[in-house]
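My notes are kept in the order in which I checked things.

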Amino acid sequence: MTEEIILTIAGFVAGLLSGTVGFGGGMILLPAMTSCYGIEVAVPMCTISQLLSNIFRVASGFRSIRWRKVAFFLIPAAPLTALGAYWFVIVPKELMTRILCVLLIIFAFLDMAEKLRLPRSRWTMLAGGGICGIVNGLLSLSGPISSAVFLTLGLSPVAYIASEAAASTVMHIIQISAYGGFGLISGHTVWEGLVTGAAMVLGNWIALKKIKNIKRKIYRRTVAIVMIVCSIWLFLSIHK
């Protein structure tokens, strides 16, 4: 019962965060779920919760989604997500998570210092999709990377949130199918994932009511700060 309460609260907070800046849900949920059930259960469970959250964000901003950009992103992301899910079974998970957190912190500081600007091009979408596919399949934590890629499009907050969520939805479906094939998903995993995902949806709904008029410069700075804070927390919290 204690685990359910913790994860429901974590899911709501994760929903507020991901609904506002487009990512961060996994970086809130993964440490909470890992502390309760261990990382091999936490990653598939977290993926189920994020799938529910992303479906809601897609529905909320459906008319604003840039489908051609999403399609370019998914050309490499879809197959490499399946490959990443396979690697999840065999790689040292604690080490991979901490390496990713360090890279995300460096990325965020460079972005805030305006030393890093991804070019707005199809190649950015393709390369970003490939990287996100691997990271998502491994740890379900590609949100910060995909957010940086979709931010290059100069979209409004709602269009950015919904487009990134559309790409993530496809990747999460692939992940769940792969994890199920590897025997990593049980009835309990599905139930806890759905309950936590419902809490995320509530947080998403509240957040999406508030972001329509946020200035883009402030919005991008907020994304970078959230990336740093969540990466540090996950680095300190993760264990096998």
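The entries below go from the core to a helix, then to the aromatic pairs and one histidine.

I am working from a predicted model. I looked up the largest nonpolar core and found 55 residues, of which Phe 73 and Phe 150 touch the most other members. Helix α8, residues 157-181, gives the most to this core, with 10 residues. I then listed the contacts of Phe 150, leaving aside neighbours within four places in sequence; among them are Val 70, Met 125, Leu 155, Tyr 160 and Ala 167.

I counted 4 in the structure. Phe 73 and Phe 150 form a tilted one, 5.1 Å centre to centre with 50 degrees between the planes. Phe 73 lies in α4 and Phe 150 in α7, so this pair ties together parts 77 residues apart in sequence. Phe 73 has a relative accessible area of 0%, and Phe 150 is also at 0%. Tyr 86 and Phe 182 form a tilted pair at 6.1 Å. Tyr 86 is partly exposed at 42%, and Phe 182 is partly exposed at 37%.

I placed His 172 in helix α8. Is His 172 buried or exposed? I read 2% relative accessibility; the cut-off for buried is under 20%, so His 172 counts as buried. Its contacts beyond four places in sequence include Thr 47, Asn 54 and Ser 140.

Definitions and conventions: Residues are numbered from 1 along each chain as its sequence is written. This is a predicted model: local features need pLDDT of at least 70, side-chain atom pairs count only at pLDDT 80 or more; totals for chains, interfaces and linings use all residues. Side-chain values use heavy atoms; hydrogens and water are left out. A nonpolar core is a set of buried Ala, Val, Leu, Ile, Met, Phe, Trp, Tyr and Cys residues joined through side-chain atoms within 4.5 Å. Buried means under 20% relative accessible area, exposed over 50%, partly exposed in between (1.4 Å probe, protein chains only). Helices (H or I, at least four residues) and strands (E, at least two) are DSSP runs, numbered from the N terminus. Contact means heavy atoms within 4.5 Å. Rings of Phe, Tyr and Trp (its six-membered ring) pair if their centres lie within 6.5 Å; planes under 30 degrees apart count as stacked, over 60 as edge-to-face and the rest as tilted.
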